Amino acid sequence: MRVLTVVLCLALACAARGEDVAEFQLSAEGHRPQAIAAGPDGNLWVTEVLKHKILRVTPAGKIAEFPVPGEGVGVLQGIAAGSDGNLWFTSREENSIRRLSPDGVFNGSFKIPSGSADGNPLTKGSWPRVIVAGPDGNCYFAEMSANKIGCITPKGEIKEFEIPTAKSAPYGLTVGPDKNIWFAESLGNKIGRLDLKTGKIDEYAIPTEVSFTRELAAGADGGIWFAENKGNKIGRLDPKTGKVAEYPLPTPNSQPVGIAAGPDGNVWVCLFKIGKVAKVTPKGEITEIALSAADTQPFCIAAGPDGNVWVALQKNAVARIALPKTSAAAPGAKEPAGK
């Protein structure tokens, strides 16, 4: 049985460094939005950690809440739009990848073969984190405790690739300009590349020690950009040469987490600790944009189907950063459902 709660949220608008920011509060206190991704229906889709829900957010900021069914549901940490028109998300305690249709029907749950390989006290499972849609029609996900990259087909068949560096704790993934899967090794202090033709994994060291790199994104400039959570830097890896450049963030201890390529050609980053979002140009020039409060806890970020940038705020809200109209979504984009 599907339970649906539709909430017309209050938008808190504020101006910050020339950017238009609107924040949409959830229906009740105690929600903790985490991952966010553009859906096939013209809306944004968000995982919610504490109340175990998937959220649908329209470009106007209207939020629908879909409680995830099942007794063993726990932390939901990644979500992506699959090639089959469904949403795919990771479920830590169930050690599964789950599937949801854009109209809110949960239509599949698929167990991950591996369990924890590092004795992680938080979970006996593989700890699936970020998930992305691959160029081959499959979805790929990081298995943080199993030290593997997983691949799931639209039919739910799972294949795994072991990472050479032990206990590397893979976290975020992205599709590179070479059509391969690039991923962050949060404890291995490396960026990895999974060759989809051969299954081979190559690794590239990050210069800053203990950078604790979390998420990464393929920029419009052809680089692989990543957030160094403990290094307090934004890194860029050249996929052709393997060379890494690093750009220190202006504010100490910003704790960058989520990162995404924006439709404006820049890279956008969540600065979790200080309640800001950073805009990073291809040259590494950084501008910080304030949210409504320092404790909003921006965690993940995504380019929306509406041509704007959207942010999951772990303090009970979702934010929209309006970009200039020249960066608007291309004509002919699909009309969002449920607006």
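Buried means under 20% relative accessible area, exposed over 50%, and partly exposed in between, with a 1.4 Å probe and protein chains only. Helices (H or I, at least four residues) and strands (E, at least two) are DSSP runs, numbered from the N terminus. The model is predicted: local features need pLDDT of at least 70 and side-chain atom pairs count only at pLDDT 80 or more, while totals for chains, interfaces and linings use all residues. Residues are numbered from 1 along each chain as its sequence is written, and side-chain values use heavy atoms, with hydrogens and water left out.

Let's begin with strand E14, which covers residues 148-152 and is mostly covered, five of its five residues being buried. Lys 148, Gly 150 and Ile 152 point one way from the strand, while Ile 149 and Cys 151 point the other way. In a regular strand the side chains alternate between the two faces of the sheet. In E14, the residues pointing either way are all buried.

Now look at the neighbours of E14. Two strands pair if DSSP finds at least two bridges between them. Strand E13 (residues 139-143) pairs with E14 in the antiparallel sense, over five bridges. Within this pairing, Ala 142 has Ile 149 of E14 as its bridge partner. The hairpin of E13 and E14 has four residues between the strands, and Asn 147 takes a positive phi near 60 degrees there. Strand E15 (residues 158-162) is likewise antiparallel to E14, and five bridges join the two. Here the bridge partner of Cys 151 is Lys 159 in E15. The hairpin of E14 and E15 has five residues between the strands, and in it Gly 156 takes a positive phi near 95 degrees.

Next, follow the chain to Gly 258, which is found in strand E24 (residues 256-261). Gly 258 counts as buried because its relative accessible area is 0%. Contact means heavy atoms within 4.5 Å. Leaving aside residues up to four places away in sequence, Gly 258 touches Glu 215, Trp 268, Val 269, Cys 270, Phe 299, Cys 300 and Ile 301.

Why are they not joined to each other? A disulfide is a covalent bond between the sulfur atoms of two cysteines. The criterion used here is a pair of cysteine sulfur atoms within 2.5 Å. The sulfur of Cys 270 finds its closest cysteine sulfur in Cys 300, but at 6.4 Å, so the pair is too far apart for a bond. Both residues are buried: Cys 270 has 0% relative accessibility, and Cys 300 has a relative accessible area of 5%. A search of the whole structure finds zero disulfides.

Charged side chains tell another part of the story. A salt bridge is a side-chain nitrogen of Lys or Arg within 4 Å of a carboxyl oxygen of Asp or Glu, and the structure holds eleven of them. One of these joins the side chains of Arg 98 and Glu 94 at 3.1 Å, N to O, and both residues are buried. Another brings together Arg 236 and Asp 221 at 2.8 Å, N to O. That pair links distant parts of the chain, 15 residues apart: Arg 236 is in strand E22 (residues 233-237), and Asp 221 is in the loop between strand E20 (213-218) and strand E21 (224-228). Arg 236 counts as buried because its relative accessibility is 18%, whereas Asp 221, at 30%, is partly exposed.

Strand E22 also holds Lys 233, which is linked to Glu 246 in strand E23 (residues 244-248), 13 residues apart. Lys 233 is partly exposed, with a relative accessible area of 22%, and Glu 246 is partly exposed at 22% relative accessibility. Elsewhere, Arg 193, Lys 200 and Asp 202 are linked in a network of salt bridges.

We finish at Lys 273, in the loop between strand E25 (267-271) and strand E26 (276-280). Lys 273 counts as partly exposed because its relative accessible area is 47%. Beyond residues up to four places away in sequence, Lys 273 touches Asn 253, Ser 254, Gln 255 and Ala 294. Its C-alpha atom is separated by 25 Å from that of Pro 121, which is 152 residues apart from Lys 273 along the chain.
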